[in-house]
Amino acid sequence: MAASQLSATTMPTTAPPPSARRDDLRGSLGSGLGRGGKKPALLFRARNARPLRTGRPLTVTSVSSEPKQRLEDSPLDEEPSSPSPLKPDAASIASSIKYHAEFTAPFSPDKFEFLKAFFATAQSVRDALIINWNATYDYCEKLNVKQAYYLSMEFLQGRALLNAIGNLELTGAYAEALSKLGHDLENVAVQEADAALGNGGLGRLASCFLDSLATLNYPAWGYGLRYRYGLFKQQITKDGQEEVAESWLEMGNPWEVMRNDVSYPVKFYGKVVLGSDGKRCWIGGEDIRAVAFDVPIPGYKTKTTINLRLWSTKVPSEEFDLSAFNAGEHTKANEALLNAEKICHILYPGDESIEGKILRLKQQYTLCSASLQDIIARFEKRSGTYVKWEEFPEKVAVQMNDTHPTLCIPELMRILMDIKGLSWKEAWNITRRTVAYTNHTVLPEALEKWSLELMQKLLPRHVEIIEMIDEELVGTIIAECGTKDPVLLEKKLKEMRILENVDLPPAFAEFIKPEEDPVASFEKEPETSKELNINCEDEPDNIQAQENNEELPEPEPEPPKMVRMANLCVVCSHAVNGVAEIHSEIVKKEVFQEFFTLWPEKFQNKTNGVTPRRWIRFCNPTLSKIITKWIGTEDWILRTDKLAELHKFADNEDLQTQWRAAKRSNKMKVVRFLKEKTGYAVSPDAMFDIQVKRIHEYKRQLLNIFGIVYRYKKMKAMNPAERIAKFVPRVCIFGGKAFATYVQAKRIVKFITDVAATINHDPEIGDLLKVVFVPDYNVSVAELLIPASELSQHISTAGMEASGTSNMKFAMNGCVLIGTLDGANVEIRQEVGEDNFFLFGARAHEIAGLRKERAEGKFVPDPRFEEVKAFIRSGIFGPYNYDEMIGSLEGNEGFGQADYFLVGKDFPSYIECQEEVDAAYRDQKRWMRMSILNTAGSYKFSSDRTIHEYAGDIWNITPVELP
């Protein structure tokens, strides 16, 4: 991330000699930009580009204090040498960049400053990607192989430039080319905005999977939405977190290709009618179009380049009401366009209002409908004149990344039945063999439910199909369970049905007798007066009560009728997987226990992974070189099992010295970054202790900051000598976004920043303790922080984190973890060794009992925990009232109380474990050994391994390597 400050000076204004103005740059790469590709396409092209000129000097703010450099005159006057067909040389790359700077970069022609240099460089790289992209597409189409389609509401890609040229093995050539043009690659790369297409681990996992799919040559595409404003850009003010719209598309995205010829209709509302041919037909309503934007995803050291197709929404120009506009009704005139465009405005719009709920459901359906129409169109094209629909699951695998794409199930059924003319049985068989579901959560609120009434209005045909699937399920449950035990049957139906709080289908109503409401039964009029018993001694209590003028009990309101999306996924998928061993066991034994009993063969585990290309090779080049040197090969980048060879060198003093130097070099970058972003100066000699993830109560940033407050309180009670003897210097770094409407999470952010403001300005503490909240945490910030980390906190309440992937990235970069036995922590600890992982806290199987103990009033808080709460309430961290935040940790029952996430229970174990961390860090030889062994043990957590498992066990696809 570090970059030197550069000032732009004027480039030469005289034209270069003819030798520098060549159309043919002597480099070509096979079949290229056109389908059918008879004509070879050049990897890079120059079209007599004019020399680059810069105007007034431009200073770019930097995190570095290195001396300023100046743009140099481009030395491209010499005859370019002939590049290799696969690896162009720096001169041809420089010519390509100059061409794009003049003809395609969206900037004025008279300057060549950093941002313009980035766009021109990116478009130059995209030329190379498109050639391999087209070749990959053509070859897979020609072979007509089975392909996997990964549907996800999030793809958290991060910056693409360094990753793309790294995968193409052109980093050195591009660095040299930009140097010839007077720029530094690192300075140019940091101009790129992170693509705001995701928020947390869900989107980052999806992006890692795409990288691995391309690298391993699997035929696959990703499908998502093209969010104009992302989730939000986080700003930290005196009031805590504030949200503003992301601006990542403000200047355009040089990586994407708009496909004007690839668009599909998407319908909302309307009604379902029976056509003359007997088919159900969905008509009327609101119609929009989804337009494709494609982003190439290159593999590492392979030609394979797969596609991420993102959908944007619009309506035809005819929908603009010109009459209304000319009549002065400007908002009304543009209403149809605004309604369409807002579907792709932001990721996860607030859903507190009915409008927000409708918008979210529209987003999910748009993703599913457009993607499935596209997948089916490609299947039909490959099938030729005669389409065998029964072969669809043999050519198509659809993976639903969490419950957001669940509507692809009824949508696929609708298209097959209503449009393609298949029967229910045929469509049902195809759908069940095509779709698979990855569960990412055990939190009840995250297992999506949608109002049946809302869905009936928005997607009436899909509700009909869901009702039919629910009826099939009810029949299956009754057939399996029998009717001898109606209580057991009712329990199973209540847990397993897709439709919640909905009466049984008429065909099965006789099996479960509804309980009568005594108030409702009293209110019914008797058929004849003979049915009344006028003997007062036998009068029901409620009649007697009415005569005595007593109030009758209010009938309970009917519970809302809901559609349970996770249940729909499990019922209709041929495979259901969790994302870590402990998570998959919870899925089988708790979340979907009844389904597992019915269909045990569906359930699998696929422990998550991260791509070693982005998450160590490219973001930590210094450490990567050390690993390559000691292992003796770069093969570990593709075969991470080779990282295990570091075990035998863990005690080697030379390796430990080099390892420590690499870590310090990365820490220095973070020191400069933090100073620039937050104004806080921190010491590189302190331990870098990092917790970066979405702000949520179950992730327990509150436990971390309470531990810091406890540490600070103890320091304040000591003299300077005692502090130095007792505590290791620490820089405690937080990062992550709180959802805009999640009030408690935003309180936690505010509290962290208040603690930071107090501690960081306390002269008695100095560099012994610093607290920093990094604003607007994203992939690029992670790529800077993770290589510099020494301790990383993964401290969620046991049993609540599905997997986590940041824990894998930290371990891969030689960071030691402190955490609970939750998610992938369990497997990481097994692989790196118990002695190299700081473990604390309650175990997953204990959680329910501990909550029960709390509800019964038996929990006794640790005095140290009570000390911290009192210290906070004293006002030491400012005037803000934190009673509601602290109140969530108090009491024995009630919503938002009773310490549901067990912060108080785990607090003593946590602070004692932190004392062990201090002791270990003082012994730097031991710490370096632990660090090396974490990297050595991280080999299992490559997304390459995960993708091989998905491909073999769920999708049944095989690699296709381009000739």
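Reply: In helix α13, which spans residues 424-434, the buried residues are Trp424, Ala427, Trp428, Ile430, Thr431 and Thr434; buried means under 20% relative accessible area, exposed means over 50%, and partly exposed lies in between, with a 1.4 Å probe and protein chains only. Seen down the axis of α13, these buried residues fall within an arc of 165°, so they line one face of the helix; the arc is that of the directions from the helix axis to the C-beta atoms. The cover over the buried residues of α13 includes α11 (392-395), β14 (396-401), α12 (408-419), β15 (435-438), α15 (460-481) and α19 (565-572), where contact means heavy atoms within 4.5 Å. The names of helices (H or I, at least four residues) and strands (E, at least two) refer to DSSP runs, numbered from the N terminus.

This is a predicted model, in which local features need pLDDT of at least 70 and side-chain atom pairs count only at pLDDT 80 or more, while totals for chains, interfaces and linings use all residues. Residues are numbered from 1 along each chain as its sequence is written, and side-chain values use heavy atoms, with hydrogens and water left out.

Leaving out residues up to four places away in sequence, Lys267 touches Trp282, Ile283, Gly284, Glu286, Asp287, Tyr365 and Leu459.

Ser179, found in helix α4 (residues 171-180), counts as partly exposed at 40% relative accessibility.

Among the strands, β21 (residues 687-692) is mostly covered, with 6 of its 6 residues buried. Met687, Asp689 and Gln691 point one way from β21, while Phe688, Ile690 and Val692 point the other way. Two strands pair if DSSP finds at least two bridges between them; β21 is joined by 6 bridges to strand β22 (residues 730-735), and the two run parallel. β21 also pairs in the parallel sense with strand β24 (residues 791-794), over 2 bridges. Ile690 stands opposite Ile733 in β22 and opposite Ser792 in β24.

An open sheet of 3 strands has the order β16-β18-β17, with antiparallel pairing. Here β16 (449-451) and β17 (499-500) stand at the edges, each with a single partner strand, so one side of each is left without a neighbour in the sheet. Strands β17 and β18 (residues 562-564) pair over 2 bridges in the antiparallel sense, with Glu500 opposite Met562 in β18.
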